[in-house]
Amino acid sequence: MNKTKRRKGKHDRFKRRDYVPKERKYDYSDDDNVPCDRVSDLKLEDSNCDSDDEEDSPLQIVRAPFPVAMWDVGQCDPKKCSGRKLSRHGLVKTLRLGQRFGGVVLTPVGEKCVSPSDQSIISAHGLAVVDCSWAKIDETPFSQMKSPHNRLLPFLVAANPVNYGKPCQLSCVEALAAALHITGYKKEAELYLSKFKWGKSFMKLNQDLLDLYAACDGDSSSVVAVQNKYLEEVRHEKELRKKDMFDISSSEPEEEEEEEEEEEEEGGGGGGENSEMANATSRNVHCINATGNTNEKL
């Protein structure tokens, strides 16, 4: 019997297979691993078990709960401007000249000092700062930055790389962080300073002062009173140090004169000229030390 061979066509090359999903196998030997078929079978664990972990972990915030803005007049170096860096992180909104801001504005032309009593204004309307160069204060158009709550900052020391150690010459982020700390928004202040490597240095330099300002019960006058008391204590300590140094420098020539007198007694009358020169030298040393002490800075 002859067998005829059927020629395969192009449609016979691949066979269609129906996809049959494999069932996932579970190990039901342990009752705790049995899957739940219904949502109602799920059970919530006791919330008290994680309470200790939540208390130990710090509160994580990504932005302030109120508007934070700045006027940028373009006087600072873009690479060193802290306000522009905050703007790139989305933490500060840039305002136009002539645009009005209803919250507290930190500006060199303010008449009152920021105080804890400004917390209600900041929570309702926000906080803003004027981004200008300290070397170009006279060229800054403050008249085009209108706000009903212009504020000054109390005495603080800068920690930014440009003006490190200089009093009252703060950068934008330092000014914002100081105002936030004084008005009770300490977490927000840490958030803004965390964007800079030197941010923690600002808090270390001014921690005691910021805590004193934040503890004031009254308005700006109470903050100014705390500031003046602190500066008076610093001046008093400076005078004590100056007096101690003056006493040390004045005691040294007396010891030298006693040694010279002993040498004169031992060496006879040939030491008269040398003793006069030594006394003149000691008087010059005393004057130099006294002059150097008066030129110290806070």
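How much space lies in the largest pocket? The answer is about 820 Å³, where a pocket is an open set of points on a 1 Å grid over the protein atoms alone, with protein on both sides within 12 Å along at least five of seven lines. The volume is the space filled by probe spheres set on the points, which are joined across faces, edges and corners.

Before going further, a word on the model: it is predicted, so local features need pLDDT of at least 70 and side-chain atom pairs count only at pLDDT 80 or more, while totals for chains, interfaces and linings use all residues. Residues are numbered from 1 along each chain as its sequence is written, and side-chain values use heavy atoms, with hydrogens and water left out.

**Overall layout**

The protein has 8 helices and 6 strands, taken as DSSP runs (H or I of at least four residues for helices, E of at least two for strands) and numbered from the N terminus. Along the sequence they follow the pattern α-β-α-β-β-β-α-β-β-α-α-α-α-α. Of the 298 residues, 31% are buried, meaning under 20% relative accessible area with a 1.4 Å probe and protein chains only; exposed is over 50%, and partly exposed lies in between. Among contacts (heavy atoms within 4.5 Å) with a separation of 6 or more, 72% join residues 24 or more positions apart.

**The pocket lining**

The largest pocket is lined by 34 residues, and Cys-132, Trp-134, Leu-170, Ser-171 and Cys-172 lie nearest its centre. Lining residues have an atom within 4 Å of a point. Two or more of them come from each of helix 2 (82–88), strand 5 (127–131), strand 6 (149–152) and helix 4. By class, the lining has 20 nonpolar, 7 polar and 7 charged residues; Ala, Val, Leu, Ile, Met, Phe, Trp, Tyr, Cys and Pro count as nonpolar, Asp, Glu, Lys and Arg as charged, and the others, Gly among them, as polar.

Let us turn to helix 4. In this helix, 11 of 11 residues are buried, including Cys-172 and Glu-174. Its cover includes strand 1, helix 2, strand 3 (104–106), strand 5, helix 5 and helix 6. After helix 4 comes Gly-184, with a positive phi near 100°.

Helix 4 (residues 172–182) packs with helix 6 (residues 199–214) at an angle of about 35°, the axes being 9 Å apart. The axes are lines fitted to C-alpha atoms over the stretch in contact, and angles run from 0 to 180 degrees between N-to-C directions.

**Two loop residues**

Both residues below belong to the loop between strand 6 and helix 4.

| Residue | Relative accessible area |
|---|---|
| Asn-163 | 13%, buried |
| Cys-168 | 40%, partly exposed |

Beyond its neighbours within four places in sequence, Asn-163 is in contact with Trp-134, Ala-158 and Gln-169. Cys-168 has a positive phi of about 70° although it is not a glycine. Most residues other than glycine have a negative phi.

Note on methods
1 Å grid on protein atoms, 1.4 Å probe; cavity = no way out; pocket = protein on both sides within 12 Å on 5 of 7 lines; lining within 4 Å.
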